[in-house]
2 protein chains.
Amino acid sequence: MTDPIGFQCTNHNECKSTLLAEAKAHCAEQGLRMTPVRLRTLEILLAEHRALGAYDVLARLSEEGLGSQPPVAYRALDFLVKAGFAHKIEALNAYTACVHPGAAHSPAFLICRNCQTVAEAGTQIAQGRLGDAARATGFIIEHTVVEATGLCPDCIGPTA
Amino acid sequence: MTDPIGFQCTNHNECKSTLLAEAKAHCAEQGLRMTPVRLRTLEILLAEHRALGAYDVLARLSEEGLGSQPPVAYRALDFLVKAGFAHKIEALNAYTACVHPGAAHSPAFLICRNCQTVAEAGTQIAQGRLGDAARATGFIIEHTVVEATGLCPDCIGPTA
DNA sequence: AAAATGTATGTTATAACATATCAATCCCTA
DNA sequence: TAGGGATTGATATGTTATAACATACATTTT
């Protein structure tokens, strides 16, 4: 739960199918409907440990006849985010598959500015100094965004 | 440097003029040019401890004949952010004045989803678990985004 | 003072991201 | 099998951000 997995995923086929199965199982448990568009959208996000914009997702969906208008992609992405199967990367206005689907967690991300690879780690930011500051002032934290941008190991040599 | 000040700023006139003076002094030191548009943009952001969208800023600038097209606002905001006089709030796609102008720091924000009030605190996220994870994988952190959204003390009763 | 330079601004157009609205359809269940 | 809620389709629009190019203006150089 702590270690970021994006940069060191060596068997991505297994990774993908495991995460997909977990998402399906979670839907069955919770009575959520994993429709074709939602499933395909999740598969598209799972194809790589990268963040994709809504319009990137839409382009792929559209190639397969699954809808060509923005709301199609945004609705599917919203569903995945709400269900805990994907996260929005605020610094990029883009989306990435969650590597701990269904589990309630406050994710933190390492984002490569060169290749858009995203690694998801955990955070306890709400239990740290910011949480202390919030409690001290009476602020109620509902959601946290923790994102670090920089260069991943693969992109340090070639481009930095 | 640690305590968030947004929710408990009692003398905002002093707050504003101090921050403005600090920004001007920093420009003088660094040879940066605090032009009319940049100055006015900073004043607009300093008017409250809130986050304003670029087009909110633009509307105010435009009322005063300081430019009516998007790049005017974006260029001024970019200058202020680069100079360390303002921050972008990624979760809102909006901008807020920095309360520690010129000082190199990794800010963290408490953001009220009801009134958009923003409190700036410090963070050592790069020295914590995410930093450990980054070092372990060889990721170089260049910039961090730490934002907590929720309800501020003033908005908890009325709206939650 | 004139020319050269560099920074900032003005202007137009468009790219990129996101949502409102409403009608049609699906699918569960009673 | 009819009703009701969720989902999808389709159109239009709203919002955020930048590309590309031209001009103004201050500073330095000659």
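Let's start where the two protein chains meet: 36 residues of chain A are in contact with 36 residues of chain B, contact meaning that two C-beta atoms, placed from the backbone, lie within 7 Å. This is a predicted model, in which local features need pLDDT of at least 70, side-chain atom pairs count only at pLDDT 80 or more, and totals for chains, interfaces and linings use all residues. Residues are numbered from 1 along each chain as its sequence is written, while chains are lettered from A and ligands numbered from 1 in the order in which they are written.

On chain A's side of that meeting, the elements giving two or more residues are β3 (107-112), β4 (118-122), α5 (129-137), β5 (140-151) and α6 (153-159). Helices (H or I, at least four residues) and strands (E, at least two) are DSSP runs, numbered from the N terminus. β5(A) gives the most, with 12 residues. By class, the side of chain A that touches chain B has 22 nonpolar, 9 polar and 5 charged residues; here Ala, Val, Leu, Ile, Met, Phe, Trp, Tyr, Cys and Pro count as nonpolar, Asp, Glu, Lys and Arg as charged, and the others, Gly among them, as polar.

Now look at β5(A) itself. It is joined by 11 bridges to β5 (residues 140-151) of chain B, and the two strands run antiparallel. Within this pairing (at least two DSSP bridges between the strands), V145(A) stands opposite E147(B).

Two or more residues each come from α3 and α4 of chain A and from α2 (36-46) and α4 (70-83) of chain B. α4(B) gives the most, with 4 residues.

So what does α3(A) look like on its buried side? Helix α3 (residues 54-63) of chain A has A54(A), V57(A), L58(A) and L61(A) as its buried residues, buried meaning 20 or more other C-beta atoms within 10 Å of the residue's own, with C-beta atoms placed from the backbone. They sit on the same side of α3(A) because they cover an arc of only 100° around the axis, taken from the directions from the helix axis to the C-beta atoms. These residues pack against α2 (36-46), α4 (70-83) and β2 (94-97) of chain A.

Definitions and conventions
Buried ≥ 20, exposed ≤ 12 C-beta atoms within 10 Å, placed from the backbone.
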